[in-house]
Amino acid sequence: MVRITANLYEEAYDYIRQDSAHGNCVMLVAADVDSLCAALMLQNLLKKDMIAHKLVPVSGYRDLERAKEQIIEKDEDLVSIIMINCGGLIDVREFFDIESYTKIYVFDSHRPLKLENIHHNNINVCVFDDDRETEKLEKVLEAFESLTYNSEDDSENTDSDSSDELLENTRSKRRRLDEDQDLSRSARIKKRTQSNLLMNYYTQGAYHANSTAGIVYDLATKLSKTDNDMLWLAIIGVTSQYLHEKIDTTEYIRSARVFRDDTARFNISTDEEMAVINNEGEIRIEDEYRFMFFRHWSLYESMYYSSYVVSKLGLWNPEGDKNLNRLLAQMGFRLEQCKQIYTHMDVDLKDRLRTKIEEISPRFGLTELCYPSFTRGYDRKCVLSAADVVYAISALLETSPTTAVHFGAEGTWTENRDWRDMLANDVADDATNEKRRWWVKNFYKAYDALGKQSSEMVLHGIRICMETQQAIARQVFAAISKRLIKKHNNCWIMVVDGGPDLPVFGHQLTLFRMGLFALDILRTTSARLKPLIVTSLDEVHNVYIFTSMVAAPAFGETRRNKFPLAFQKLEEKGLFVIDSFDLSSFELKRDTFVNAIKEIKYE
């Protein structure tokens, strides 16, 4: 068992279930929405089967190293390590140096996978995957195993030569040289082809496979243990990957079709229940507009701060404001009404919104304003869409206490978790450890917000995200208007190193969202699309935080990112520190910024 596709999901889970009777299980979970959704679903499965386990949040490789030293190496009874959106890009068996009886189960959407994890002789590592890349991976694995084992055989033969038999050693080397020279032309071509195949596999660029939450939901389906709560988590996980442009529209629609069928199966309503706008816990199929939080913001603000509308109407300049006003006027909506909170708008305007948008928006180039999605009723207080929850949970994860105070949205952290034990060895006055402290607290806050069917924490996240989105819009508008997004070699680079909103951009998730916002505009304003680097100064830790992305021609399309290849080369020179599980993001010391930037080149 190495690479686990759908037909083997149930068998692999049985190994976890059986091993749990003889030892402990640890779950290492990365810090993103898809990971949290997957972890919650997997915990649900483990609890149903009475499998004891410990959940450990990890934000990057330094946290993974810390978990190895403080938990993995000290647990003599450890039999199962489950990794959620981490581990797929490194040789995990070598990293953990595990005992023969310990198995590692990897659920990771980052690609390309490290081949050492999935070759056929690695019985200690099981990587869950879907079936779409099976044919391609089988060819790559064949090449990997052929080249690796042949190389090892050669090495073993060389090592077996006795140092006391110099003459025989020399003769042996000559014989091997003659054998190499006698290789048939076809064998040499095959070897060269296999080497090129491996090189292409690792240099094709970083990308994402199916949502990890989607994989875990498929596992639960195979086990016949899905329910409405797990369905909602799967929807949120897949929606997160789609909104952050990690999967394309084709992949999203494929998953949405499955979710539509299960929504109909789990949410059978009577006529009386259908009449209730917010039936608590019920999931409904409902198209989502491509402007943020329109159920919670005013219609005007929702459109004004959404990158799709911004890019089409040119809202970063004064003329764009007039375009938005004209759009709303032609829809027959008064500006005063549109600037009211959506819940306070006239009912007849809400009823006419969909019809008017479909009629008027194409005149302004807004031809793709909706996509298929889902909503759910929360504690009879409100209806939240999957996108609402994605953005809210992201905000809870990424917002530092300083930023929350800056926004006037300071919140309390969960008190009934074991994060205090995890941080017991950290030094309180160390800046790095302080960042880790608030990050771990944020992780559990977001985790609880997802796991509890209460709108309170999600709405708190929405309020923070609204503030963050306005800061992102202000920054991008200024960068576009003042031409601060510079051409650098064969890419664009956007540097944020000052201004009142600088503390807001101290997290890679926020930077990534800002990059996507800028790319939406650049798709419209630039004749030739280029990859984009976004970097922001973290004054507290005296580093620049970087993230990178590759522009696709339109939303719903994806491109592979080759920046990680360049970043890894520069990391070897000691210029960068790559700690994130997403290799498109990294940190750079402030005093090396100028020299390092000169060496960045997208190939």
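This is a predicted model: local features need pLDDT of at least 70, side-chain atom pairs count only at pLDDT 80 or more; totals for chains, interfaces and linings use all residues.

Mentor: Helices (H or I, at least four residues) and strands (E, at least two) are DSSP runs, numbered from the N terminus. With that convention, the place of Glu99 can be given: it belongs to the loop that joins helix H4 (92-96) to strand S5 (103-107).

Glu99 has a relative accessible area of 48%. Buried means under 20% and exposed over 50%, so Glu99 counts as partly exposed. Glu99 is also one of the residues of a negative surface patch, together with Glu69, Glu73, Glu94 and Asp97.

A residue in a contrasting position is Ile215, which lies in helix H8 (residues 212-222). Its relative accessible area is 5%, and Ile215 is therefore buried. Apart from neighbours within four places in sequence, Ile215 is in contact with Tyr9, Phe107, Phe128, Asp129, Asp130 and Asn210. Tyr9 is 206 residues away from Ile215 along the chain, and the C-alpha atoms of the two are separated by 9.4 Å.

The chain as a whole supplies the setting. It holds 24 helices and 19 strands, and 56% of its 603 residues count as buried. Among contacts with a separation of 6 or more, 73% are between residues 24 or more positions apart. The chain exposes about 27300 Å², of which carbon and sulfur atoms supply 48%.

Methods
Residues are numbered from 1 along each chain as its sequence is written. Side-chain values use heavy atoms; hydrogens and water are left out. Patches are made of residues with over 30% relative accessible area and no salt bridge: like charges are joined within 9 Å, nonpolar side chains (Val, Leu, Ile, Met, Phe, Trp, Tyr) within 5 Å. Accessible areas come from the Shrake-Rupley method with a 1.4 Å probe; for residues, only the protein chains shown count as cover. A salt bridge is a side-chain nitrogen of Lys or Arg within 4 Å of a carboxyl oxygen of Asp or Glu. Lys and Arg count as positive and Asp and Glu as negative; His and the chain ends are not counted. The place of a charge is taken as NZ of Lys, CZ of Arg, CG of Asp or CD of Glu. Buried means under 20% relative accessible area, exposed over 50%, partly exposed in between (1.4 Å probe, protein chains only). Contact means heavy atoms within 4.5 Å.
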